[in-house]
Amino acid sequence: MPNASSWSASSPLLLLWEDSSGTRIFLSLLYAVLAISGTLSNVMVIYLVFSFKKLQTTSNAFIVNGCAADLSVCALWMPQEAVLGLLPPNSSSLRSAEYRLLRGGLLGLGLTVSLASHLLVAFNRYVLITKLPSVYQALYQRKHTGCMIGLSWALALLPVPLLPGLWTLGSAQSDGSSRYTALLLALAVLGQTALLLHCYLGIVRRVRGSAKRVSVLNFHLLHQLPFPAAPPPPRRAQRRLSSVSVLLLCCVFLLGTQPLVWVSLLGFFLRPAPPALQAASWLLLCSLSALNPLLYTWRSEEFRRAARSVLPRAEGPAAA
């Protein structure tokens with residue numbers, strides 16, 4: 001029977017070798033649920049933004065960019081993992097280097113652009129709240145916004161060839177290139193997380209210190225912030241709810257990204273983490289692709305109104 005390291009090097013789900021197929025079936029079902037829910041939510045957000053003019057803002061352009069990237073994970077990568085997890089470990093599909101390269105490329109492209117979109121949204125909101133309106137308008141012209149989105153995809157294409165090496169992350173048989181690839185991934189995510197936290201904590205400090213400045217900004221983009229919509233609560237309660245919403249977004253993002261960062265750093269500087277911990281860290285990171293649409297739209301009254309207008313309503317005696 002193969003050992004754990006050989007299983008982690010060849011498994012599409014990054015699983016431990018299990019005598020029973022229960023764990024593999026469970027994770028395959030989990031991938032299937034994430035794939036369906038993530039595909040529907042990302043497609044819904046993209047459809048709403050393109051269908052309703054009120055939602056066609058700069059901040060939402062970055063959100064749509066992230067949703068498009070998340071679709072490559074939820075609609076293209078996750079269904080393959082769900083199916084391959086049900087195949088025997090010695091299946092020829094799992095041993096194909098070209099097929100693994102394709103799957104690794106889809107995963108790497110989607111996650112890289114998605115993480116870049118998180119940062120673009122955070123920086124957009126940071127400039128909107130903390131800088132003068134003239135600075136925001138000069139920075140976020142249509143052509144500048146398009147260049148930022150294009151750059152996120154161009155940068156994501158550079159490390160795609162390195163992604164297949166991450167399948168052997170933490171394996172005792174992994175070579176030096178895989179370990180350095182994992183280190184680069186960890187450092188990149190760690191740097192992106194630091195910038196994102198700087199932006200959102202700067203927003204929290206500004207809102208708590210000057211609620212009046214936020215209230216007089218005459219931008220409909222403010223509806224994209226995780227603030228209560230209407231009716232407006234008292235100023236102290238508004239500052240408290242705004243801070244809680246931003247901090248909740250940051251906590252969900254940290255929960256999804258940081259386990260993989262520290263597992264990668266642990267494997268590079270000390271010793272490889274248990275394969276089960278590696279699998280859990282990857283699963284948390286990939287689950288962000290299904291949760292991202294909810295993170296950025298659940299507090300927006302504009303998105304809720306748009307969704308209610310397109311979703312079918314149940315008809316009954318009350319409606320009649």
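**A buried serine and a salt-bridge network**

S117 sits in helix α5 (residues 97–130), where helices are DSSP runs of H or I with at least four residues, strands are E runs of at least two, and numbering starts from the N terminus. The model is a predicted one, in which local features need pLDDT of at least 70 and side-chain atom pairs count only at pLDDT 80 or more, while totals for chains, interfaces and linings use all residues. Residues are numbered from 1 along each chain as its sequence is written, and side-chain values use heavy atoms, with hydrogens and water left out.

Is S117 buried or exposed? With a relative accessible area of 2%, S117 is buried; here buried means under 20% relative accessible area, exposed over 50% and partly exposed in between, for a 1.4 Å probe and protein chains only. Apart from neighbours within four places in sequence, S117 is in contact with F62, N65 and G66, contact being heavy atoms within 4.5 Å.

Attention now turns to charged side chains. Side chains of opposite charge can pair when their charged atoms come close. A salt bridge is taken as a side-chain nitrogen of Lys or Arg within 4 Å of a carboxyl oxygen of Asp or Glu, and by this rule the count comes to 5 salt bridges. A network of such bridges links K54, E301, E302, R304, R305 and R308.

Which residue forms a salt bridge with K54? The partner is E302, and the closest N and O atoms of the pair are 3.9 Å apart. K54 belongs to the loop between α2 (22–51) and α3 (58–84), whereas E302 belongs to helix α12 (residues 301–310), so this pair ties together parts that are 248 residues apart in sequence. The two ends also contrast in accessibility: K54 is exposed, at 57% relative accessible area, while E302 is buried, at 10%.

E302 takes part in a further salt bridge, with R305, at 2.7 Å from N to O. These two residues are 3 apart in helix α12, and therefore about one helical turn separates them. R305 counts as partly exposed, with 40% relative accessibility. E301, for its part, forms a salt bridge with R308, the closest N and O atoms lying 3.2 Å apart. Of this pair, E301 is buried, with a relative accessible area of 18%, and R308 is partly exposed at 42%.
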